[in-house]
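Biologist: I have a structure here to go through. Can you start with what the surface term refers to?

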Amino acid sequence: MTTSKNKVVIFLGPPGAGKGTQAERLAQEQQLVKISTGDILRDHVERGTDLGQQAGPLMKAGKLVPDDLLMALIRDRLASMDSVRVIFDGFPRTTAQAQELDMLLEELGAPISAVPLLEVPDDLLISRIVERGKTSGRDDDTEAVARERQNVYREQTRPLIDYYAARGHLKTVDGVGTMDEVYGRILNTLN
């Protein structure tokens, strides 16, 4: 049963586009739970769980973690909520994941509200990721891994743009500018 309390926002865009930063701000201001599979997976790697041991080598090489592992995490997280008020950051990454997420959201009565797509030129993306690696201590934020992530994004994730555009959810946002400028553009697409 759909309730007006439900809100589902899915941020799309290549690695380094600023999805995490913008999703965090939107989550705080609109009382949404930010679900980042990257954060969840890094937590599992750090804690040495079975999932972390499976995912760690793939993540370090810039590869995608298998869908069944990610969907188990997402299903568990959403099913525990009274109302589904979430922002997905970095998920789904493939059309198959999007289709599974659509089925799960339908089951929970929580339709997608919007899918903002942050667009940023490749050269700027690479430099952002490398800089983030220097300041965050993330050892997977190297130029080689960043370039591999861009290739993976183009090959596997980019079809999501067509998928969500066909469903009327996609909202293109210029991801270049100050954090406040980009955030203002995101808010405009949600209203």
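Modeller: Accessible areas come from the Shrake-Rupley method with a 1.4 Å probe. Keep in mind that this is a predicted model.

Biologist: What does the accessible surface of the protein come to, and how much belongs to carbon and sulfur atoms?

Modeller: About 9700 Å², with 49% of that on carbon and sulfur atoms.

Biologist: And how many helices and strands are there?

Modeller: The protein has 9 helices and 5 strands. Starting at the N terminus, the order is β-α-β-α-α-α-β-α-β-α-α-α-β-α. The radius of gyration is 16 Å, close to the 16 Å from the globule rule for 191 residues, so the protein is as compact as a globular protein of that length.

Biologist: What about the core? Which residues of the largest nonpolar core touch the most other members?

Modeller: V8, I10, L78, F88 and Y164, out of 35 residues in that core. Elements that each supply at least two residues include β1 (7-11), β3 (85-89), α5 (95-108) and α8 (159-166). The element that gives the most is α4, with 6 residues.

Biologist: Take L78. Which residues does L78 touch, leaving out those up to four places away in sequence?

Modeller: I35, V84, V86, F88, L101, L104, L105 and L108. Another core lies apart from the largest one; it has 15 residues, among them F11, A17, L26 and L32.

Biologist: Switching to charges: how far apart are the mean positions of the positive and negative ones?

Modeller: They are 2 Å apart, for 24 positive and 29 negative charges.

Terms used
Residues numbered from 1 in each chain as written. Predicted model: local features only at pLDDT ≥ 70, side-chain atom pairs only at ≥ 80, totals over all residues. Heavy atoms only, no water. Core = buried A, V, L, I, M, F, W, Y, C linked by side-chain atoms within 4.5 Å. Buried < 20%, exposed > 50% of the residue type's maximum accessible area, 1.4 Å probe, protein only. Helix = DSSP H or I, 4+ residues; strand = E, 2+ residues; numbered from the N terminus. Contact = heavy atoms within 4.5 Å. Rg over C-alpha atoms; globule rule 2.2 N^0.38 Å. Lys, Arg positive; Asp, Glu negative; His and termini not counted. Charge placed at Lys NZ, Arg CZ, Asp CG, Glu CD.
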